[in-house]
Amino acid sequence: MNIILLGPPGAGKGTQSQRLVENHGMRQLSTGDMLRSAVKAATPIGLQAKAVMERGEFVSDEIVSALIDAELAAMGEGVGAIFDGYPRTAAQSEALDEILAKHGRKLDHVIELDVNEDALVERITGRFTCANCGKGYHDTFETPRQQGVCDKCGSTEFKRRPDDTEETVRKRMGEYRGKTAPILEPYDERGIVTRVDGMAAIDDVTAAIDAVLS
Ligand code: AMP
């Protein structure tokens, strides 16, 4: 099973991907995470992407498609892929079809998380993750059970994304509306899109996604 999780920044793609990984043994392919690792490791791609990401703009189609191709090449055949934050442009969506065919895969579902943009700004500017295991938290909606200690791994180190400021979030939403939302149309024509209410409680969103996959 190969699925795309689509939605503006803060729609819950990362949270729901983590659950699909835990509950269904699928693999999350997040170009945002791959790029952040490249920035941290100061690789040539990372050096190129850093400023673009901090401005909330898109990294080039060639770079992100090459990252996805390499990840799929390294993955076991029977393992399902969740594309999180990719494709984001028409060129990437065409590239994905070719890459999937090359690896003997096909796209089964595109799930769009439908959300209210103003609520997203609050979601995004309050979010943080465990620096060790990556578990996601939020200042208001999901604090660690013991303040300052990760529920999952006990680490006391947390981090925030440098592009999670209100100004950059608004820019990233504009990019989503202008370049990413239009890629849904061809998928709609193929009859593989399901829209899920991304403003519902996290467990309800997970249940709605599970219903699509079953
Ligand atoms: P994300 O973690 O998915 O919100 O991505 C963070 C940032 O990485 C985006 O704002 C872009 O600058 C860059 N990025 C991630 N995925 C892509 C993609 N598929 N195409 C272009 N840029 C991307």
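Helices here are DSSP runs of H or I with at least four residues, strands are runs of E with at least two, and both are numbered from the N terminus. With that settled, A11 lies in the loop that links strand 1 (2–6) to helix 1 (13–24).

Before going on, the basis. This is a predicted model, where local features need pLDDT of at least 70, side-chain atom pairs count only at pLDDT 80 or more, and totals for chains, interfaces and linings use all residues. Residues are numbered from 1 along each chain as its sequence is written, and side-chain values use heavy atoms, with hydrogens and water left out.

Back to A11. Its relative accessibility is 4%, so A11 counts as buried, which is the label for under 20% relative accessible area with a 1.4 Å probe and protein chains only. Leaving aside neighbours within four places in sequence, A11 is in contact with L113, V115, L120, R123 and G198; contact means heavy atoms within 4.5 Å.

Now the ligand. Which residues come nearest to the ligand? Of the 16 around it, they are T31, R36, E57, G85 and Q92, where being near takes a heavy atom within 4 Å. Helix 2 (residues 31–40) gives the largest share of this shell, 4 residues.

A polar backbone atom of E57 is 2.5 Å from a ligand oxygen, and one of G85 is 2.9 Å from a ligand nitrogen. For R161, a side-chain N or O atom sits 3.1 Å from an oxygen of the ligand.

Conventions: Buried means under 20% relative accessible area, exposed over 50%, partly exposed in between (1.4 Å probe, protein chains only). A polar contact is a pair of N or O atoms within 3.5 Å; within protein, one must be able to donate a hydrogen and the other to accept it, and residues adjacent in sequence count only if both atoms are side-chain atoms.
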